[in-house]
Structure formats: structure tokens, C-alpha cells
Amino acid sequence: MPRLFTALEIPRNAAMSLSLLRGGLPGARWIDVENYHITLRFIGDVDWRTANEIIDGLDRIERPEFQLQLTGTGAFGSKKPHSVWAGVSNNPDMFALQAEIERICQRLGLPPDPRKFTPHVTLARLRASRVDDVVEYLSGRGNFMTAPFIVPRFVLLSSRDSVGGGPYLTEEVFPLYEGPSSFASSEEQPASNVW
């Protein structure tokens, strides 16, 4: 059974902006542009029955679409950095969606996610990168920011790669509805072909 997780996709324009952050850091293994995402809930290796129950639960979620913006950069692992990432703007609708997914997973008997939800897009995994190199890399990219974009759906992804970073396969798509918190200007709406 593949390793499963729920995620938000990154539209093409934002992914292209992220791709400009690649390079300039020794020991970095850069994530492929098509594999950029924001993990909502890591599920892990489950049997097919549990996977189907998760899909049924996720399919019942009714939440509005919302707007996000990628902003800033950082690293996980302060003394021994293991990854660098781009930050995500704080949006209550995203946190509410993540919390609902967490409740569904726990109701189905999965253990609680031990990590606090910290929305981010992983840019690279690090192997033996020096702290000084990571600090220098981040200092030149701290003002990174994308244009805001609408999040119209979340997805269930799978990975058969044990080292992380993809390739990821979209197993299921769960649309969010257009609600009052959708945005007034149709100019801000991404074209349907950017995803």
C-alpha cells in the first residue's frame, strides 16, 4: 500500500516562483517543481480498507475555498538542518480544514499527528549542509513572496518513494465550495488551466 497524505496543491505561477529559489546551497536535494505541495495531514502506510474509509470521510468535508500566499523562507533542524522551506500565509480556513482532516483520521483509529501543523512548502532536503551555508542561503531569500492564489480543492496524495520528495500521485481530489469568503474580483481567480 502506498504512503498517503492530504495536501494542498501549488498553482503553476507560484510553483515557478518557488523554483527560482533552487540552487546556491551545498548538500541540498531540490524538490521537483511538480512535487511542490503543502502537507495537511501525513497518514502513512494503511491497508486498503482504512484508505477507503479515509476517502469516504474526506469526501464528506464541506468547506469554502480560500486564499493563500507563499511568503518567507526557513529551515527545519536548527543545529543540524534537514530541510529548507517556503512559508505559507496564515489563513483560518486552512487551519480549520486541517483540523477537520485530523479529526477524521483519529476517528478512524489513526494515532494523532505528533507534529504541530506548520504549513510550508518543502524546497529541498539537506544532507550534511553546514549551518552557516543554510543561514547564508536563507538570508538572501527572506523577502520571498508570491501573488495570492485561490485554493479550490485539497487532494489525497501517495508516495512510493521511501526517501521523500516524490514522485507523488494524486489518488483523490476533494473540491472546496465557492463561499462568501471567496473573493470579489474575478481577476484574482486563477485560470482553470494553471493547476
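A: Let's start with Arg3, which is partly exposed, as its relative accessible area is 31%. Keep in mind that this is a predicted model. Arg3 pairs up with Asp45 in a salt bridge, and their closest N and O atoms are 3.2 Å apart. Arg3 belongs to strand β1 (residues 3-9) and Asp45 to strand β3 (residues 37-45), so this pair ties together parts that sit 42 residues apart in sequence. Asp45 itself counts as exposed, because its relative accessible area is 51% and the cut-off for exposed is over 50%. As for the idea behind such a pair, side chains of opposite charge can pair when their charged atoms come close.

Now slide along β1 to Glu9. Glu9 makes a salt bridge too, this time with Arg153, and here the closest N and O atoms are 2.5 Å apart. Since Glu9 lies in strand β1 and Arg153 in strand β9 (residues 153-159), the pair ties together parts that are 144 residues apart in sequence. Glu9 is buried, with a relative accessible area of 17%, while Arg153 is partly exposed at 28%.

Between those two spots in the numbering you'll find Thr6, also in strand β1. Thr6 counts as buried, with a relative accessibility of 0%. What does Thr6 touch, leaving aside its neighbours within four places in sequence? The list is Ile38, Thr39, Leu40, Arg41, Ile43, Leu58, Ile101, Val155 and Leu156.

With 45% relative accessibility, Asp56 counts as partly exposed. On the surface, Asp56, Asp59, Glu171 and Glu172 gather in a patch of negative charge.

The protein chain has four helices and 10 strands, and from the N terminus on they run β-α-β-β-α-β-β-β-α-β-α-β-β-β. Of its 195 residues, 48% count as buried. If you take contacts between residues at least 6 apart in sequence, 78% of them join residues at least 24 apart. The chain exposes about 10500 Å², and carbon and sulfur atoms supply 50% of that.

Back to salt bridges: the whole structure holds eight. One more to look up is the pair of Asp133 and Arg130, whose side chains meet at 3.4 Å, N to O. Salt bridges with shared partners join Arg130, Asp132 and Asp133 into one network. While you're in that stretch, have a look at Ala128, in the loop between β7 (120-126) and α4 (131-139). Ala128 has a positive phi of about 60°, although it is not a glycine, and at 73% relative accessibility Ala128 counts as exposed.

Conventions: Residues numbered from 1 in each chain as written. Predicted model: local features only at pLDDT ≥ 70, side-chain atom pairs only at ≥ 80, totals over all residues. Heavy atoms only, no water. Patch = residues over 30% accessible without salt bridge, like charges linked within 9 Å, V, L, I, M, F, W, Y side chains within 5 Å. Areas by Shrake-Rupley, 256 points an atom, 1.4 Å probe, with all protein chains shown as cover. Salt bridge = Lys/Arg side-chain N within 4 Å of Asp/Glu carboxyl O. Lys, Arg positive; Asp, Glu negative; His and termini not counted. Charge placed at Lys NZ, Arg CZ, Asp CG, Glu CD. Buried < 20%, exposed > 50% of the residue type's maximum accessible area, 1.4 Å probe, protein only. Contact = heavy atoms within 4.5 Å.
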